[in-house]
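Here's a quick briefing on how two chains sit together. Have a look at the model first, then come back for the notes.

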Amino acid sequence: MNCHERAELTPLYLSGELEEERAAAFGAHLKSCAECIGELQHQARLDARLHDVLLAEDVNATKVDQRVREMIASRAASQPAYRDESRRWILATAGIAAAFALLVLAGHRFLLGKQVAQVYADAARDDQMEVVQLQPRHWYSDPAQISVLAQKVGVPQSALQALQRGPYRLERAKICFLDKHLFLHVVFSDGQRDLSMFLRQRDAMSVQGSADEMMNGKLVQTADIGGEHVALFETPQLIVMVATTQSSDAASHLVAFAASKL
Amino acid sequence: MTERQEEFELTAMPHSRSLLRVARRIASDPAAAEDLVQETLLRAWRNFDRFEKGTNVRAWLFRILFNAFYAQGRKARSSPLVASIEEGRLEAMSRGDARAQPPIVEAAAVSHALQQLSDDHRAVLLLGVVEGFTCREMAEILSLPIGTVMSRISRARQALRERLSPACSDVLHPRADVECAEREVS
């Protein structure tokens, strides 16, 4: 290989794309040509500096992300289902979903006194459709994958581990949207029933419920919406919600457990 | 959230920051850059059915980005974009932190030199050097033959080196940092 050939192949060499035989010839030329190796080293340093300078820039995509999610959500609401399996489910459960939506709306409107935050209705809907009705969703059951999802919404691994030290088994998890915020939707089982818990990093989102009580030192706000019992509390780090169609006792036990662990 | 939305959230949305980093360097201003990324992600959403799961989603998204950029027509680069990126660095320099100046000046010089390149040269450096795409991936993203990509990135690297002032190009060798800073500030 000569210097001209070396120069032509440098882009492939620097990106690691040279096949074995030519890479060997490239390397052999570098060993014998001080000018070429100097040139390559200089280029590699400049590449590294350019890379570091650009990656050190503050790039905040939060605003763009939020706009995109809102636009997708509004378009998804107005577009028909596109997959056969989802279409079958939607047709099959359309009546139930419509009735539930009416109940949610009715429940939401007739909650006495305080203006209940939208997040309660959204949690109730997700539990009803995804856990009770078992509409198809892509759940993750691998602990490592669940940990990755948890990181996306600011839920520390220690919190998930703490919640698994007790009578509840973590069955599966996925990301969901509640009141335009990303949550980790976790399904716990007590051996008899599945219970939904929603977690995310605490922020300024509205969490007003219709009633509240103290439980294990935490103020727990609750709302009953369309047959779903939803409870919410906050820790310094997290927003935690439990939603279930089971008796409010089942929800209370899980809330009390979570409040004691987090 | 539908299953499709969840898959899109996990597959495509994590790359929005990378997309914006490149968009800021090719668009005419920060608002145009955000609009370009928004359009990219919405196009990706509309065509998500056609994306083959498990294949290179980053390359797919960047291809959409550049197709969207070229479809808009290349607007002239304007100094506001350069100024907005450089602002933070120059403010720090003006605060007179002598210890910070050499790296800040050198970083500003590299950043400014990048913006002085042609659109084509800047694009391949952003994709290849900053975002780490291979030549084959860049060929797919830019819809170019791989030979064209290889020669273009070679010329882009050379152009960048020439744009950097002789003193600042020497900051790759540590002892020249202070000398470069003095020349830039004076």
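Which residue's side chain meets that of Glu17(A) in a salt bridge? Arg136(B) is the partner, at 3.1 Å, N to O (a salt bridge puts a side-chain nitrogen of Lys or Arg within 4 Å of a carboxyl oxygen of Asp or Glu). Glu17(A) sits in the loop between H1 and helix H2 (20-32) of chain A, and Arg136(B) in helix H8 (residues 135-142) of chain B, so the pair joins two chains.

Keep in mind that this is a predicted model: local features need pLDDT of at least 70, side-chain atom pairs count only at pLDDT 80 or more, and totals for chains, interfaces and linings use all residues. Residues are numbered from 1 along each chain as its sequence is written, chains are lettered from A, and side-chain values use heavy atoms, with hydrogens and water left out.

**The A–B interface**
- Contact (heavy atoms within 4.5 Å) links 52 residues of chain A with 52 residues of chain B.
- The two chains bury about 5,000 Å² between them, 59% of it on carbon and sulfur atoms; that's accessible area (1.4 Å probe) lost on being put together, summed over both parts.

**Charged pairs**
- Over all chains, the structure holds 27 salt bridges.
- Between chain A and chain B the count is 11.
- One of these pairs Glu106(B) with Arg49(A), side chain to side chain, at 2.6 Å, N to O.

**Who supplies the chain A side**
- Several elements each supply at least two residues of the side of chain A that touches chain B, including helix H4 (62-78), helix H6 (118-132) and strand E1 (169-178) (helices, H or I, of at least four residues and strands, E, of at least two are DSSP runs numbered from the N terminus).
- H3(A) gives the most, with 12 residues.

**A helix crossing in chain B**
- The axes of H7(B) (residues 119-130) and H9(B) (residues 146-163) come within 9 Å and cross at roughly 100 degrees; axes are lines fitted to C-alpha atoms over the stretch in contact, with angles from 0 to 180 degrees between N-to-C directions.
- H7(B) and H9(B) are therefore roughly perpendicular to each other (65 to 115 degrees).
- Among the residues making this contact are Val124(B) of H7(B) and Ile153(B) of H9(B).

Definitions and conventions
Angles under 35 degrees count as roughly parallel, over 145 as roughly antiparallel, 65 to 115 as roughly perpendicular and the rest as oblique.
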